[in-house]
Amino acid sequence: MTLFRHRMLETGKEMAFEAARMALDSAGLERKDVDAVVLGSAPDAFDGFHMKGEQLLDGAGGFRKPYTRVFVGGGTGVFVPIAAWWHVASGLADIVLAVGEEKMSPLQPHPQYAFWTIFDQFLERPLGVTLLWIFALEMRRYMHVYNVSEEDIALVAVKNKANALDHPAAQLPARITVEDVLKSEPICAPVKRLDVSPTSDGAAAVVLASEELAKKLTDTPVWITGVGWNVDTTYWTNRDLCYPEYLEKAARMAYKMAHITNPRKEIDFAEVYDPFDYKELHHMEGLLLAGKGEAPKLTREGVTQRDGDLPINPSGGLLGVGNPIAAAGVMKVAEVFWQLRGEAGKRQVKKPVNRGLAQAWGDLMQVGTVVIMER
Amino acid sequence: MTLSKQVALVSMGYSGFSTVTPQLSFKEMMFEAANMAYAQVGIDPRAEVDSFICCEEDLLEGISITDEYMPDQLGGAQRALCTISQDGLNGVVQGYMQITSGIADLVVVESHVKFSNVLSKRDVHSLAMDPYLERPFLDDGIPLAALEMRRYMHENGVSEESVAEVVVKNKRNGLKNPRSSYSARLTLDEVMRSEELWSPLRRSYVAQPADACVVAVLASYAKARSITDYPIWIEGVGWFSESSWIGLRDFSRALYAEGASKMAYKMAKIDNPSKAFDFVEIDDSIAFKELQHLEALGIYPQGKAAEATLKGETKEDGSMPVNPSGGSLSLGNLAETTGLARLLEAFETLKKKDYSKALVQSWRGIPTSTATVVVLGV
Amino acid sequence: MTSEFRYTNSEEVRVWKDHIPLKYKYSIGVAAQKFSSALKEGKLLGFKCSSCSKVYALPLLFCPECFKEIREYVEIKPEGEIYSFTERGEEVVIAVKFPDTYGVLIHKMKKPLAGRPRIGQKVRAVFKKKEERSGDITDILWFELF
Amino acid sequence: MGRLDAGWHGCNNGEVKRLKFAGTPISPEEWRNESVFFKKEEFDLKYAWDTGYAIAKFLEGLKAGKILGVKCNRCERILVPPRMFCEKCFRKVDEWVTLRDTGTVNTFSVSYVNNDASRREKPLVVAVIEIHGASPGMGILHVLGEVEPSRVRVGMQVKAVWKPENERVGAITDIAYFKPIEVM
């Protein structure tokens, strides 16, 4: 992966190259070994390209190769390895390069503006809607239904930003307190400045190989044993935002494939999507890693810390490492990979780990993407 | 079960196919097309479909993150659904892989376009190019098509008449096609008198925009056998991109189509593509591309497609029918729906006639160098 | 099980108009930044892959084929030949190929006083005056026959 | 602006490698001073979207001061915003229903920012409002008015405040805002 930063000199293509090159180097491979390339990137309006996938193709290593871009909003990053998985599992490819890229900085005056255009053009855009509204509405509903406090939610931001202090590519690592979060500038109540991940430029990449080749390439392969994805109805105002049903369905799809019946016991640690701090709690519950409304308690008790019983976002997550959307999802998959191989350095979780999970979320509170990886 | 019968195309539905479609929203168009596809094989998408794949691009929709608006009208709410930012034919390839990987038995692939709703087409096309090196000179991409056409004609000694003959043939083929918006009986002279946009490219050589939605249903061998008596088998798939840098491409050859077809032919065990197909539905969204693609696909040797076209070999009753549907020049430019629209034509033609093998190829249009190829067999 | 139908609707036809203003400040990238600085000096820069030795006439941070970072730069004489061209009225857009390089540069050409351009003709870049250059590709005014 | 690379040592098959995180950040000063070349472009993408049957009728309803929903006779749900299909049953919906112009706040937020992330002069209260007469949970997005942000609660009963008839154009903004029904 590249550094995640607010603004990068590299074009999207160049960032994709830097990340893809690192992934190939890490696997001891060259581009000629790659059978197909899958790229993920979120809205075209950020980078400022129509058909963004075509624009990024050389950077991702797709020059004169079978190449496809996949796109499920914020869920894209974790969906990239899912699509790469079916390339390999179908037998059509043995080695697939999977790249996530996002360059949000070109859009002026602020990348947030692009999010206005994710809303319904007839009934929602005329109200001047922003992306922050929908998060704030969901956060409020979650707090209301399960009686969750802003303090409990702030603990997630404190943990993830601190975890990111050990991530060499991180954009916003920090040692902050619950007080800092609560006192930070209100943006869209109950959402405050420090509840939110930044806008970022960055890219990340992973290499997938067939069973036979993986065993030849390394003594310590990490296996993808479960994949799941799900998209809920467009009509988000018709759903109870307190619980992500779509995520539960995506998770169940992945658990079934990985033969997991009790995720709370069988998943050792997880990288869950945390563009906002409450989202980590919401997603833990949707993934059945915590009961409904129970994630704040686990967080309070330190269960989700790196030295806890169920470490969540040891990387530092989007809140700490940064949120170049599709790249951030791939970063999570990379983190699970490094953790499972014991290569996460100072970020290595305390307990021994054999099975991890990476998850991303996207669209209008609508998409869940889940990958389960094992040593 | 042989390798060539792993995945079948079992049904297709459509809506639109008109220059304007004011009475229906894109959602309603999708619902119509999906309904038609599902009804033919009697499936309930809420219970039976394992995966939904949608192929659209944000800026043609005027929506960022288009997949948000896809699930409901396909029966895909709270189900595995995704966007493949590619031509719809590539969605078919992804569906093919989902089935052969064992993760799905029934996959729905959808693509739609409402070009009539996009008022800033020029700007959208400009946004597809590099802002520093390419946009300042290439306007809406049409000058690029002209540069490629000139180089292709130069290297292969191709006359403008043969390019115009593609237009005459395809627009005439379309007269019998109810989905055709731009078919006409024209003379070579009429086509060549059309306004020159950027030399040597004339307006008549460029497919004009239209609106449509197409839905395809793919099934595994067992599932296909259980829901239809007339499966069309997907015997080979291939996809390939050349380069995002316009300056790094070979203007005279469609390397993208060559790469995609080689992959598909290998899978379908086709050694001699010039003899393998009863007919082909290939990209003709800019008339000279039909010639260039025929050569890239190995249907004709390099530089020989023009001569064959002038001889009438590629007519519907010729020895190698090319675009009997009328192609994009008749159906219109359907953006990412182009590939599925042509798959639909091949699907219907294979069912109607005593044919056994067809080739469908899509290209994502100017300014891209990406193609998908699917080999169909009865 | 679904049954086939079509919406029949002639009474309600409505269009909703809106627009999406998009303003961009693109970083042209690490490689193009070098290319741009050279343009300001009135020079055309080539990008040489140390692995395959190809010199690209385009600002590339990496060789798309070898997928290695490019760290070697060579000055290209701004004289090449027409790879392809297209005209609309007085405007001429060309693709220029420089000797011993890979890739073509898209630019515009000054319309010849007599006759049409031809593929293979020799052209050279005409730069703006030094004080007018900004680093943009339009620091080359146009290519002309010579 | 040097090219950074941060990294740590990873291993593959026992061979220790330095993993390099490449990237060339642009500092706020460089961004502002434009000490490197930036290409600036502006577009204004215009669209004329066909609303389709469902939204056309809904917007006409708003112009007439009515909130319309649709009913699916299979699952018996009354849906708003209306659509021509029931996403649950995957079938065409059966009939139009005129709903009330009152509702219940399902969730709300107080927004201090505009859609380009700039600060608003006055905070705006936005809410998902479950419309009375539709099935439970059927909400729409809108804004609240005539209420102190600090007084808004989940569960609050609200009523549409319509623009004067001659100002209504058939848009969601024909409802100026929703206001609390109870005396505050």
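In chain B, 33 residues of domain 1 touch 31 residues of domain 2; two residues are in contact if their C-beta atoms, placed from the backbone, lie within 7 Å. This is a predicted model: local features need pLDDT of at least 70, side-chain atom pairs count only at pLDDT 80 or more, and totals for chains, interfaces and linings use all residues. Residues are numbered from 1 along each chain as its sequence is written, while chains are lettered from A and ligands numbered from 1 in the order in which they are written.

Domain 1 of chain B covers 3-117 + 210-233, and domain 2 of chain B covers 121-208 + 235-377; those bounds come from an automatic or database domain assignment. Their C-alpha centres are 23 Å apart. On the side of domain 1 that touches domain 2, helix 4 of chain B gives the most, with 6 residues. Helices (H or I, at least four residues) and strands (E, at least two) are DSSP runs, numbered from the N terminus.

Over in chain A, helix 4 (residues 76-89) packs against helix 14 (residues 325-340) at about 60°, with axes 6 Å apart. Axes are lines fitted to C-alpha atoms, for helices over the stretch in contact, and angles run from 0 to 180 degrees between N-to-C directions. So these two helices of chain A are oblique to each other: under 35 degrees is roughly parallel, over 145 roughly antiparallel, 65 to 115 roughly perpendicular and the rest oblique.

Here is the make-up of both contacts.

| Helix 4 of chain A with helix 14 of chain A | 9 residues | 3 residues | 1 residue |

Ala, Val, Leu, Ile, Met, Phe, Trp, Tyr, Cys and Pro count as nonpolar, Asp, Glu, Lys and Arg as charged, and the others, Gly among them, as polar.
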